[in-house]
Amino acid sequence: MKWLLLPLLLLSLTLSAAIDTYEFDNDVARKRFRQLSEELRCPKCQNQNLAGSNSAIAADLKDRLYQMVDEGKSTEQIKKYMVERYGEFVLYKPSVKPMTYALWYGPFVLLFIGLFVGVALSRKKAKGDTRATATAQSIAAEPGEMQQDIAEQQTHAQRMKDLLGKKDD
């Protein structure tokens, strides 16, 4: 049984070495660090926050974040620092300004356009169904007029054939 404890002890030591430990004076600072590390994106990784990234730059940023939280800097100051160095990409929630209006309001505009097109198409279809029903009712109600229309179309078709059949010299 003792031979099993030694490998387990060695395994636990290697696993604990990969975990970052930061000592904070109070729980408020710890919560701010955790919140900011989840809100800030790793500049190297495509879609990972600092808390979930294992890249070297993320480790450096977490160290810098820890220092800034420990110094008592505000959340706005920390975010401003990160944006100045890495751009708006580092924020999962970029600020609302003219450059990011499409990002913030674009989905709502597209949703509105989609709803407008959907309503317009459904109204057009309903209107077309009403016309088709009215046409079918008028044909059923007046079969004599329908036969007259067919006769006029045949006469018109015959005249066109005659005109096209003549050769002008």
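How many aromatic pairs does the count come to? In this predicted model, the count comes to three aromatic pairs.

**Aromatic cluster**

Two of the pairs are set out below.

| Ring pair | Centre to centre | Angle between planes | Arrangement |
|---|---|---|---|
| Phenylalanine 24 and phenylalanine 33 | 5.3 Å | 45° | tilted |
| Phenylalanine 24 and tyrosine 66 | 5.2 Å | 70° | edge-to-face |

The pair of phenylalanine 24 and tyrosine 66 links distant parts of the chain, 42 residues apart. Phenylalanine 24 belongs to the loop between helix H1 (2-17) and H2, whereas tyrosine 66 belongs to helix H3. Through ring pairs, Phe24, Phe33 and Tyr66 are linked into a cluster. Buried means under 20% relative accessible area, so phenylalanine 24 counts as buried at 12%, and phenylalanine 33 does so at 9%. Tyrosine 66 is buried as well.

**Helix H3**

Helix H3 spans residues 56-71, and its 16 residues reach 23 Å from the first C-alpha to the last, close to the expected 22 Å. Its buried residues are Ala58, Leu61, Lys62, Leu65, Tyr66, Met68 and Val69. They lie on the same side of H3, because they cover an arc of only 165° around the axis. Ala56 and Glu71, on the other side of H3, are exposed. The buried residues of H3 pack against helix H2 (27-39) and helix H4 (75-86). After H3 comes glycine 72, with a positive phi near 90°.

**Charges over rings**

The charged end of arginine 64 is placed over the ring of tyrosine 81, 4.9 Å from its centre. Arginine 41 lies over the face of phenylalanine 89, at 4.7 Å from the ring centre.

How values were computed: Residues are numbered from 1 along each chain as its sequence is written. This is a predicted model: local features need pLDDT of at least 70, side-chain atom pairs count only at pLDDT 80 or more; totals for chains, interfaces and linings use all residues. Side-chain values use heavy atoms; hydrogens and water are left out. Helices (H or I, at least four residues) and strands (E, at least two) are DSSP runs, numbered from the N terminus. The expected span of a helix is 1.5 Å times one less than its number of residues. Buried means under 20% relative accessible area, exposed over 50%, partly exposed in between (1.4 Å probe, protein chains only). The arc is that of the directions from the helix axis to the C-beta atoms. Contact means heavy atoms within 4.5 Å. Rings of Phe, Tyr and Trp (its six-membered ring) pair if their centres lie within 6.5 Å; planes under 30 degrees apart count as stacked, over 60 as edge-to-face and the rest as tilted. A charge sits over a ring if NZ of Lys or CZ of Arg is within 6 Å of the ring centre and within 35 degrees of the ring normal.
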